[in-house]
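Trainee: Could you take me through this model? I would like to look at one helix, the pocket and some strands.

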Amino acid sequence: MPHKGHPIPPAEVSSPPRASADPAFDGEFSRNNDLFRKIFLSSNDAILLLSATASEFLDLNPRASVIFGYPRHEFLHVPPRRAICTLKHQWGLLLDSVRNKRDKWLRGMGCRQKSGGIISRDVLASVVQLGGKSHILATIHDARQRELSEVLREDARFMRFSNAVIAGAAAAPTVEHAIRFCLRQVCDYAHCVFAHAHIFSGRTAATRVPVDIWHFGMHERAESVKAMITAKRFVFPEEWYSHILASSQAVTVDELDVQPELLAELEVQNLGLSSALAAPILVCGEVAVVCEYFSDEPMNRGQLFLDIMANLKARLGQIVEQKQTNESVRNLSTKLFHAQDEERRQLARELHDTTAQNVAAILMDLGVISRNANGLTPAANQALSESLSLARQSLQEIRSFSYLIHPPMLEELGLIAALRIFIEGFSQRSGMHLRLEAPESCPKLATVLETTIFRVVQEALTNARRHSGSSTAEVKVRLNPTELRLSVENETTGDLLWDQPNVQPAKLGVGMRSMQERVQYLEGHLNFHIGKNRTVLEVVFPLSKTIREEGDVTCTQDTDT
């Protein structure tokens, strides 16, 4: 039997109500969800909150005061063991149920009222987490209230489920993925035949989200619905959305088969549909998306369920709004990348076609002067010799810089050839021994993808030379029909923090942060691993949307440079 100082392990249950004798606990309650308070305060069951060791009461709802006959301030000083599960062996059953997370009703437990009388009640005890601490939540009711309690428990379970849906939608990479995740989870939870989302917001649709998104559940009728939709026989009438758009509230529609305005167009009789739930997602106060769930059984959902669904959709609206903002930022970043690449291209062309040619002309003129310098003083000859040397050096630097800011070989010869030429030149300039492992040839990729890969290699090798002190590095390119994998690996002998194996690229400087943004725009993933002896940069690009030419991706055997 646990004793004070040894809290019972927590279980995943709903959060408790509002007030408490503990001031720190009151602060936690003030941040609780209103829906949980509603369940706590309006419940016809007695709800008690105990400490983790079950040694004292922390709170109780109004119904508990009525049942036990105590004012709230008196009841908080009553030892729990003298109030609930008072009969022989019952207290041990309560603690055992909580400790083993059985989440089951203990039938016929003795509860002592203030008058001293013992009444028989069913008790359900579970553990909740508040402010990082464990507490026991006990629900007490008689058999007549069991049905209502089950409804409340179902609503509490749905609330926990909705929180999980919110977390999953927030982790989704795009608005479309978030909506699809919500449709799938709610449809499967409610055992619906199918679910549908219609996009009303132009801004949401502009983020590459289809106007209509469907999910077909595991129900036996799901395939027939899918066939009807494929044949374009399933059309929603205007009346279906008018009420939702006007009220912006979640609604349930029962007895679909007797509503004439929906009967013909939805063909509910042929599909055996009985009810529907429609919930709007609001973004900036306007209906952006309407999610609909169709079932072959009556919904039988109360107002509390609709409140929870409305809360779910409101939080989804915040997620959609945030993802739309992120998408706008990514689009702006992409435009800046394109503008930067175009500016580099023009600058490289100007340097190569104008500045380099001018320096070459100066070099030729200095050569003419040098061949006719017999009458010059020694000091003049020395200055002429230095001018020739500086002119040659400047011409070489201009040509190298022009190549680095925009390699012409990338467009003329393709990605692999451009990487091979760049790595050979980088090895000569830096003195590092570099090895390239890549396909001998590969199909033409989208220009933005090839440019991004080249810039990642360029930035990674530059960082390796500046920070790692490494004399060797290895670049690997792997290509298959679905993805392209790039890795740059070098020794770590410099000043890097080798005790951080998963360093965020954004912490490594402006250059790597820029590369990360480019990679994310192409729906790729960039990981940076710093070990004690090795540093590895890994990038993965999906190719379904980036290969320019159709057909299979085929590569010849790998070659090393």
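Mentor: The conversation below goes through these topics in turn.
This is a predicted model, in which local features need pLDDT of at least 70, side-chain atom pairs count only at pLDDT 80 or more, and totals for chains, interfaces and linings use all residues. Residues are numbered from 1 along each chain as its sequence is written, and side-chain values use heavy atoms, with hydrogens and water left out.

Trainee: What span should helix α17 have?
Mentor: Helix α17 holds 16 residues, 415-430, and should span 22 Å at 1.5 Å a residue; its end C-alpha atoms are 22 Å apart, which agrees. The expected span is 1.5 Å times one less than the number of residues. Helices (H or I, at least four residues) and strands (E, at least two) are DSSP runs, numbered from the N terminus.

Trainee: Which residues of α17 are buried?
Mentor: Among them are Leu415, Leu419, Phe422 and Phe426. Buried means under 20% relative accessible area, with exposed over 50% and partly exposed in between (1.4 Å probe, protein chains only).

Trainee: And what do they pack against?
Mentor: The buried residues of α17 pack against α15, α16, β11, α18 and β12, where contact means heavy atoms within 4.5 Å.

Trainee: What follows α17?
Mentor: Gly431 does, and its phi is positive, near 85 degrees.

Trainee: Turning to the largest pocket, what is its volume?
Mentor: The volume is about 650 Å³. On a 1 Å grid over the protein atoms alone, a pocket is an open set of points where a 1.4 Å probe fits, with protein on both sides within 12 Å along at least five of seven lines; lining residues have an atom within 4 Å of a point. Grid points are joined across faces, edges and corners, and the volume is the space filled by probe spheres set on the points.

Trainee: Which residues lie nearest its centre?
Mentor: Of the 25 lining residues, Pro173, Thr174, Arg330, Gln520 and Glu523 lie nearest the centre of the largest pocket. Helix α14 supplies the largest share of the lining, eight residues.

Trainee: Now the strands: how many bridges join β13 to β15?
Mentor: Nine bridges join these antiparallel strands, and Leu486 stands opposite Val539 in β15. Two strands pair if DSSP finds at least two bridges between them.

Trainee: What do β14 and β15 form?
Mentor: They form a hairpin with three residues between them. Six bridges join the two strands, which run antiparallel, and Ile530 stands opposite Thr535 in β15.
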